[in-house]
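Colleague: I've got a model open and I'd like to learn how to read it. Can you walk me through a few features?

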Amino acid sequence: MSDDPLSNDLLSDVRHDPRVSDWWRTSIIEMSPGVIRYRGHAIQDLIGQVSFAQMIWLMTRGELPGAEQAKLLDCALMAAVDHGPQAPSIAIARMAATCGVGLNNAMASAMNVLGDVHGGAGEQCVEMLQAIATRIDAGAALADAVGAGLDEAIAQRGKFVSGFGHRFHPVDPRAPRLLDLVDEAAGLGVVSGRFAGIGRAVEAELQRRKDGRRIPMNIDGATAVIYAELGFPAPLARGLFCLSRSVGILAHAWEQTQQGGRNKGPMPREYLWTYDGPPPVRPR
């Protein structure tokens, strides 16, 4: 505070002017000199008592989760942190690092490609699972609801069903383990297990439609099951994936920074792209 009483009075007036204080309205954080509260919880009471996963829940949902809920959320977050430089976001982080930018710039470059195709499958899968659940709540049988939900998803986004199948793994090793954890949590009454059942029914219907060829659930499907079981809205599933993948992005950007290298593009320089433009123009 200033030693000038008039200046202090003006500052106090500004602080109490609703045009200023109501410019932004938030129920997330309360702050004043010496005070920081998240959703009503003093920061000093949270530090050392609350995990990062619990903090994510508190910030996005407005309340602290139970320990077992937080454990399941933590498992989903850690399972999706990285999938190697063949994933566009990771490759971009490494390429950006070779251009001499800082870690924050490399991370931002990578995060900006987490869109509908790379990064959005979890959100899309949650939407499908919830749409199927809504049909069941309206009286549809599980098989009918799954069939209609699949048809709707395919009509909206094409033949690749978000959360199922993988172009690299015949069976995504992350998905069965996550589903086992959902089953364990359901056995303890932490979650209902409903969306795990719906997810498995979708997998079975896809196999039926493919004449017995299995299209197993992948990491996006398994984490979508967890987020749906825990009650997260579909759009937050994408945000949670971004948080998860940011860990791998940071690690790869940092590693590339340590390795060095300049302007490493997406392929070795002795390999060139296919040119399909007009032939060389002869000088007149």
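Modeller: Let's begin with what counts as a helix: a DSSP run of H or I at least four residues long, numbered from the N terminus. Keep in mind that this is a predicted model. With that idea in hand, look just past H6, where Gly100 takes a positive phi of about 90°.

Colleague: Which residues of helix H6 are buried?

Modeller: "Buried" means under 20% relative accessible area. In H6 (residues 88–98), that gives Ser89, Ile90, Ala93, Arg94, Ala96, Ala97 and Thr98. They pack against helix H7 (103–111) and H13.

Colleague: How about helix H10: what span should its 14 residues have?

Modeller: Count 1.5 Å a residue, and H10 (residues 174–187) should span 20 Å; its end C-alpha atoms are 20 Å apart, so the two agree.

Colleague: And where do the buried residues of H10 fall, seen down its axis?

Modeller: List them before you look: Arg174, Ala175, Leu178, Leu179, Leu181, Val182 and Ala185. Down the axis they fall within an arc of 155°, so they line one face of H10. Their cover includes helix H5 (67–79), H11 and helix H12 (219–229). Just after H10 there's a positive phi at Gly189, about 80°.

Colleague: At what angle do the axes of H9 and H11 cross?

Modeller: Roughly 75°, with the axes of H9 (residues 142–157) and H11 (residues 194–209) coming within 10 Å. Angles of 65 to 115 degrees count as roughly perpendicular, so H9 is roughly perpendicular to H11. On the H9 side, the contact is made by Leu142, Val146, Gly147, Leu150, Asp151 and Ile154; H11 supplies Ile198, Ala201, Val202, Glu205, Leu206 and Arg209. Sorted by class, that's eight nonpolar, one polar and three charged residues.

Colleague: Is Asp211 buried or exposed?

Modeller: The cut-off for exposed is over 50%. Asp211 has 76% relative accessibility, so it counts as exposed.

Colleague: Which other residue than glycine has a positive phi?

Modeller: Asn263 is one, with phi near 50°. Find it in the segment after H13. Asn263 is exposed, because its relative accessible area is 57%.

Colleague: And Lys264: what does it touch?

Modeller: Leaving aside residues up to four places away in sequence, Lys264 touches Met95, Thr98 and Gln256. Lys264 is in the segment after helix H13 (234–259), yet its C-alpha atom is 5.7 Å from that of Met95, a residue 169 places away along the chain. At 46% relative accessibility, Lys264 counts as partly exposed.

Technical notes:
Residues numbered from 1 in each chain as written. Predicted model: local features only at pLDDT ≥ 70, side-chain atom pairs only at ≥ 80, totals over all residues. Heavy atoms only, no water. Axes fitted to C-alpha atoms, helices over the stretch in contact; angles between N-to-C directions. Helix = DSSP H or I, 4+ residues; strand = E, 2+ residues; numbered from the N terminus. Parallel < 35°, antiparallel > 145°, perpendicular 65-115°, else oblique. Contact = heavy atoms within 4.5 Å. Nonpolar A, V, L, I, M, F, W, Y, C, P; charged D, E, K, R; others polar. Expected span 1.5 Å × (residues − 1). Buried < 20%, exposed > 50% of the residue type's maximum accessible area, 1.4 Å probe, protein only. Arc of directions from axis to C-beta.
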